[in-house]
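Open your viewer and have the selection tool ready. We will walk through this chain stop by stop, with a note on what to pick at each one.

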Amino acid sequence: MARSPDRRPGFSRRAQYGIFTGYVIAVLGVVAGLVVLGVSLFNPDAFAFARTAASEVARPLGQAGAQTRNASQGLFAAVGAYFNAGRQNAALTREVQAARADAVTMRALAQENARLKALLGIVDPASRPVAAARLIGSTSTSTRRFAVLSAGSMQGVRNGQPVRAAGGLIGRVIETGPDTARVLLVTDPDNVVPVRRASDGLTAFVQGGANGQIDIRLINTGVAVIRKGDVFVTSGSGGLYPPGIPVAVATQPHRDGATGHLASDPSDADFVVVLPAWQASAQGALEAAQKAAPPVPSGDDNAP
């Protein structure tokens with residue numbers, strides 16, 4: 001009996017075409033993935049539209065997840081408070097006593113500050129917040145630290161605006177969508193915040209680390225020493241962050257500065273406030289004050 005001219009017995013031509021098509025699709029997928037990876041490495045802003053669209057789509061799920069997380073945290077906190085009621089009561093009693101003494105001091109300082117402002121005629125350039133929003137997502141395990149807000153350009157949020165919680169600074173806006181915004185947290189390695197020590201005004205800067213911690217570095221090393229417990233606030237340098245916002249607390253001093261923790265942990269923050277950029281708000285307040293001021297008469301006028 002003559003041998004069949006098909007040298008691959010047991011395989012149909014349809015199966016061979018199917019296997020070949022699968023290989024072609026796999027190779028094209030690998031090539032497309034390498035191209036996308038290369039573009040994202042050399043031009044990170046190329047896919048900003050895709051990230052913004054994904055944030056808008058995931059906004060309802062993020063809000064639902066944030067509400068569920070807050071409810072579960074409240075439940076666990078209530079159970080823990082029940083078992084630690086005695087110890088917490090004693091600690092709260094001591095805190096109330098200390099707060100009463102601090103309140104008297106702060107009231108006296110506020111009165112003195114108001115009197116000095118009235119004497120010097122200083123115009124306070126304080127501005128209203130742009131928007132209040134909820135943190136609906138964040139990167140907790142990545143080396144980059146971002147968060148997503150439930151407010152965007154429709155609510156007046158713009159790139160570069162600072163974001164703060166009740167306890168202190170959170171970060172700044174870097175991307176905006178219609179109803180969401182992407183925030184670069186203070187703990188990100190690419191975020192550098194000019195600060196000063198609250199006690200004496202010692203200048204430094206805070207930079208995030210790849211492990212989610214922050215590093216406090218002095219601008220002039222060897223001039224002063226950072227001590228454990230020192231509080232650092234924004235200095236207003238650079239024209240972005242308003243001065244006086246708490247940023248970090250030093251925990252482990254070293255030769256060039258200290259390692260610390262944030263004054264307000266983004267993972268514990270629920271609602272945050274978006275502030276206008278400090279330089280823009282201060283310039284706007286100055287222009288408004290100049291318009292409201294009466295005109296200065298010229299020295300050439302010969303009015304009787």
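**First stop: arginine 134**

Select arginine 134 and show its surroundings: leaving aside neighbours within four places in sequence, arginine 134 is in contact with Ala66, Gln67, Asn70, Val148, Leu149, Ser150, Asp270 and Phe271, where contact means heavy atoms within 4.5 Å. Before going on, note that this is a predicted model, in which local features need pLDDT of at least 70 and side-chain atom pairs count only at pLDDT 80 or more, while totals for chains, interfaces and linings use all residues. Residues are numbered from 1 along each chain as its sequence is written, and side-chain values use heavy atoms, with hydrogens and water left out.

Arginine 134 is found in strand β1; helices (H or I, at least four residues) and strands (E, at least two) are DSSP runs numbered from the N terminus. Is arginine 134 buried or exposed? Its relative accessibility is 14%, so arginine 134 counts as buried; the cut-offs are under 20% relative accessible area for buried, over 50% for exposed and partly exposed in between, with a 1.4 Å probe and protein chains only.

**Next: strand β12**

Now select residues 271-274, which form strand β12. Its covered face holds Val272 and Val274, and its uncovered face Phe271 and Val273. β12 runs antiparallel to β1, joined to it by four bridges; strands pair if DSSP finds at least two bridges between them. Phenylalanine 271 is the bridge partner of arginine 134. β12 also pairs with β3 in the antiparallel sense, over two bridges, and there valine 273 stands opposite arginine 164.

**Then: glutamine 161**

Move to glutamine 161, in the loop between β2 (146-149) and β3 (162-164). Glutamine 161 counts as buried because its relative accessibility is 10%. Not counting residues up to four places away in sequence, glutamine 161 touches several residues, among them Val130, Gly171, Val274 and Leu275. For a polar contact, draw a distance from a polar atom of the glutamine 161 side chain to the backbone nitrogen of arginine 158: 3.0 Å. A polar contact is a pair of N or O atoms within 3.5 Å; within protein, one must be able to donate a hydrogen and the other to accept it, and residues adjacent in sequence count only if both atoms are side-chain atoms.

**Along helix α2**

Select residues 48-83, helix α2. Where does helix α2 bend? It bends by about 50° at arginine 59, and proline 60 follows within four residues; the bend at a residue is the angle between axes fitted to the seven residues ending there and the seven starting there. Colour its buried residues, Ala48, Thr52, Ser55, Gly62 and Ala66. What covers them includes β1 (131-138), β2 and β4 (169-176).

**Over to the barrel**

Six strands close into a barrel in the order β6-β7-β8-β11-β10-β9, with antiparallel pairing. Three bridges join β6 (residues 192-197) to β9 (residues 231-234), and arginine 196 stands opposite valine 233 in β9.

**Last stop: residues 20-42**

UniProt lists residues 20-42 as "transmembrane region" in an unreviewed entry; such annotations may be inferred rather than shown by experiment, and positions follow the numbering used here, with feature names shortened. In the model the span is 100% helix and 0% strand, with its end C-alpha atoms 33 Å apart.

Finally, zoom out: the chain has four helices and twelve strands, and buried residues make up 26% of its 304 residues.
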